[in-house]
Amino acid sequence: MSASGSSSSQPNQVMCNCGMPSRTCISKTKEHPNKKFRVCPNSLKPGKKCNFFEWVEDGEKMKMNLEDDLIAMKEELEILKKNVNLLKKKSSHRIKISCNLL
């Protein structure tokens with residue numbers, strides 16, 4: 001199901017299928033509220049998809065690494081910024097076309 005291993009910087013870090021240290025997230029779904037799971041840090045990057053996913057067992061001891069969480073949030077923010085810029089360009093282009101047609 002998943003590839004796991006050790007990282008030299010964090011001995012208990014679980015590695016994803018593409019060799020990156022996995023990210024730990026918390027589910028917001030009705031089926032699994034507040035349940036922890038691991039995913040590849042590349043899973044949100046355009047063009048880079050890794051299907052790594054595993055639930056964190058309830059009894060498993062796990063430290064949430066604040067630095068890793070902040071890095072993940074920064075990556076997500078960058079993706080959102082790019083998406084906003086793309087949407088702005090598309091809407092600007094549509095406005096220009098509409099003005100030209102009038």
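**View 1. C25 stands opposite F37 in strand β2.** The model is predicted; local features need pLDDT of at least 70, side-chain atom pairs count only at pLDDT 80 or more, and totals for chains, interfaces and linings use all residues. Residues are numbered from 1 along each chain as its sequence is written, and side-chain values use heavy atoms, with hydrogens and water left out. Strand β1 spans residues 23-26 and β2 spans residues 36-39. The two run antiparallel, joined by 4 bridges. Strands are DSSP runs (E, at least two residues), numbered from the N terminus. Two strands pair if DSSP finds at least two bridges between them.

**View 2. V39 stands opposite F53 in strand β3.** Strand β3 covers residues 53-55. It is antiparallel to β2, with 3 bridges between them. In a regular strand, side chains alternate between the two faces of the sheet.

**View 3. N34 lies in the loop between β1 and β2.** Its phi is near 60°, a positive value in a residue other than glycine. N34 is exposed, at 60% relative accessible area. Exposed means over 50%, buried under 20%, and partly exposed in between (1.4 Å probe, protein chains only).

**View 4. The disulfide count is 0.** C16 is in no disulfide; the nearest cysteine sulfur, that of C18, is 3.3 Å away. A disulfide is a pair of cysteine sulfur atoms within 2.5 Å. The C18 sulfur is therefore too far from that of C16 for a bond. C16 is buried, with a relative accessible area of 3%. C18 is partly exposed, at 42%.
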